[in-house]
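Open the model in your viewer and keep the selection tool at hand. This tour goes from one stop to the next and says what to look for at each.

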Amino acid sequence: MAGGGDELKLLGMWASPFALRAKLALSFKGLSYDYVEEDLKNKSELLLSSNPVHKKVPVLIHNGKPICESQVIVQYIDEVFPDAGVTLLPADPHDRALFGAWIPVFRGKTEEEKAEGVKQTFAVAEKLEGALSECCKGKPFFGGDTVGYVDVVLGGFVAWVHAIEEVFGLNQFDAAKTPLLAAWLERFDELDAAKEAMPDIGRLVELEKMRQAQAQAAVY
């Protein structure tokens, strides 16, 4: 738990994979915090004043000090609370620099754009498979025996990986193509700290279906 009079407040939006990164980091560190759900169509004065440049979530407010950008927040949490929970940042700067962002691209307006998005998605999966094999050397997570920085960064997209599979029938972490990544996903899903932070997959599915319907309606 955050001690010593520390006050933590997280401004987020339930479906944001970037806000989920911050939630996962706080959960794995075992830190208590106040969560504020933002309406991105009607942003609060607190969000606008805390992140005046980008006006985006997530924003972590620690004792009145705002920290913006999800990856910066993950690093900040680990460095400011080194004795809480698991250590997220590896000592090796090469491992620390590994960017595990997972950005599924299904917003293409044409079939060609959508096909290219799927192609890029699988290319990223293959890159992650190689990174997992290289840096983990048979251990269960990118961080080794326990989750680390890349696990949390990639973990922000896990809920959407499941939602996209249900909506589009596309298995992005295919055990036949990327067996290590598929096994990693199963292990990550079973972690209590991950379960506590994850949004409801059914809500994400409905949100994506609504977005697809709106996109279709805009075409015609």
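Predicted model: local features only at pLDDT ≥ 70, side-chain atom pairs only at ≥ 80, totals over all residues.

The side chain of Ser-16 comes to 3.2 Å from the backbone nitrogen of Phe-18.

Is Ser-16 buried or exposed? Ser-16 has a relative accessible area of 11%, which is under the 20% cut-off, so Ser-16 counts as buried.

Next, select Leu-24, Phe-28, Leu-60, Phe-142, Leu-181, Trp-184 and Phe-188 together. These residues have the most contacts inside the largest nonpolar core, which has 58 residues. Domain 1 (8-80) and domain 2 (93-218) each supply at least three residues to this core. In soluble globular proteins, nonpolar side chains tend to be buried together.

Keep Trp-184 and hide the others. Leaving aside residues up to four places away in sequence, Trp-184 touches Leu-132, Pro-140, Phe-141, Phe-142, Asp-151, Leu-154, Gly-155, Val-158 and Phe-173.

For the last stop, select residues 59-62 and 65-68. These are strands β3 and β4, which run antiparallel and are joined by four bridges. Which residue in β4 is the bridge partner of His-62? The partner is Lys-65. Two residues lie between the strands of this hairpin, and Asn-63 takes a positive phi near 50° there.

Technical notes
Residues numbered from 1 in each chain as written. Heavy atoms only, no water. Buried < 20%, exposed > 50% of the residue type's maximum accessible area, 1.4 Å probe, protein only. Polar contact = N/O pair within 3.5 Å; in protein donor to acceptor, adjacent residues only side chain to side chain. Core = buried A, V, L, I, M, F, W, Y, C linked by side-chain atoms within 4.5 Å. Domains from an automatic or database assignment. Contact = heavy atoms within 4.5 Å. Pairing = 2+ DSSP bridges.
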